[in-house]
Amino acid sequence: LRAMTYGGGAFVAVGDAGRVVVTTDGISWSIDQQICDEDLGVVAFGDGVLIVAGASGRIGRSDDGGLTWALDTVGDGGNTWRGLVYGDGAFVLGDGAELYRSEDGERWEYVNAVDATPIAALGGLLFGMSGQTLAVSEDGGFTWSPTITSAGGLGLSRAAGPERVEVHGRADVLG
């Protein structure tokens, strides 16, 4: 398993060979299924919808807690999705070269060719990794500004909430 999220009363984890597992208590796994052949590496929950994504541009969408999945490809099929977040009413999906956005997880819009991979969202702010730099976007991922850079790397790949944080003088819940 590669990534996990919480939403709609359940934890959902994704992994190699299209594997998706779901639990409501962390002990018994009510769903353990293979939804596609491609490796899945990211998962996000927002507005009652689960989105999973991974290799070959493959994404999956579930609005019933992971019982059933609608599969699609976003991009040209050559993308390996490495970042997926939900914030400010939309999912943002990236691979470190391209960024896509969707309000419903069905219709995806190309945002821009950027080297930032989304790792967290806070209201209208997106946080992402660009090489060894943590970057922030205030315009839905179209442009990114560096915030912290480390020659040795920051060791960051994911961020999670809910945590109460203050960014640019604004308190919000990170999630």
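The model is predicted: local features need pLDDT of at least 70, side-chain atom pairs count only at pLDDT 80 or more, and totals for chains, interfaces and linings use all residues. Residues are numbered from 1 along each chain as its sequence is written, and side-chain values use heavy atoms, with hydrogens and water left out.

Y110 belongs to one aromatic cluster with W81 and Y100. The structure holds 4 aromatic pairs. Rings of Phe, Tyr and Trp (its six-membered ring) pair if their centres lie within 6.5 Å; planes under 30 degrees apart count as stacked, over 60 as edge-to-face and the rest as tilted. The ring centres of W81 and Y100 are 5.6 Å apart and the planes stand at 80°, so this pair is edge-to-face. The pair links distant parts of the chain, 19 residues apart. W81 sits in the loop between β8 (70–73) and β9 (83–87), and Y100 in strand β11 (residues 99–102). Helices (H or I, at least four residues) and strands (E, at least two) are DSSP runs, numbered from the N terminus. W81 is buried, at 2% relative accessibility. Y100 is also buried, at 12%. Y100 pairs with Y110 as well, edge-to-face, at 5.5 Å centre to centre and 70° between the planes. Y100 lies in β11 and Y110 in strand β12 (residues 109–112), so the contact ties together parts that are 10 residues apart in sequence.

Strand pairing comes next. Two strands pair if DSSP finds at least two bridges between them. An open sheet of 4 strands has the order β5-β6-β7-β8, with antiparallel pairing. β5 (40–46) and β8 are at the edges with a single partner strand each, so one side of each is left without a neighbour in the sheet. Neighbouring strands are turned by 20° against each other on average, direction ignored. Axes are lines fitted to C-alpha atoms, for helices over the stretch in contact, and angles run from 0 to 180 degrees between N-to-C directions. β5 and strand β6 (residues 49–54) run antiparallel and are joined by 6 bridges. V43 has V52 of β6 as its bridge partner.

Two loops that follow strands of this sheet carry positive phi values. D47 lies in the loop between β5 and β6. Its phi is about 50°, although D47 is not a glycine. D47 is exposed, at 65% relative accessibility. S56 lies in the loop between β6 and β7 (58–62). Phi of S56 is near 60°, again positive in a residue other than glycine. S56 is partly exposed, at 37%.

Strands β3 (residues 19–23) and β4 (residues 29–34) are antiparallel and joined by 5 bridges. They form a hairpin with 5 residues between them. In the turn, G26 has a positive phi of about 80°. T23 is bridged to W29 in β4. Y6 lies in strand β1 (residues 3–7) and is partly exposed, at 49%.

The structure holds 7 salt bridges (a side-chain nitrogen of Lys or Arg within 4 Å of a carboxyl oxygen of Asp or Glu). R2 bonds to D16 in one of these, with the closest N and O atoms 3.0 Å apart. R2 lies in the segment before β1 and D16 in the loop between β2 (10–14) and β3, so the pair ties together parts that are 14 residues apart in sequence. R2 is exposed, at 53%, whereas D16 is partly exposed, at 36%. R107 and D104 meet at 2.4 Å, N to O. R107 is exposed, at 59%, and D104 is buried, at 16%. D63 and R61 form a further salt bridge, with the closest N and O atoms 3.6 Å apart. D63 is exposed, at 53%, whereas R61 is buried, at 15%. R61, D63 and E106 are linked in a network of salt bridges.

Definitions and conventions. Buried means under 20% relative accessible area, exposed over 50%, partly exposed in between (1.4 Å probe, protein chains only).
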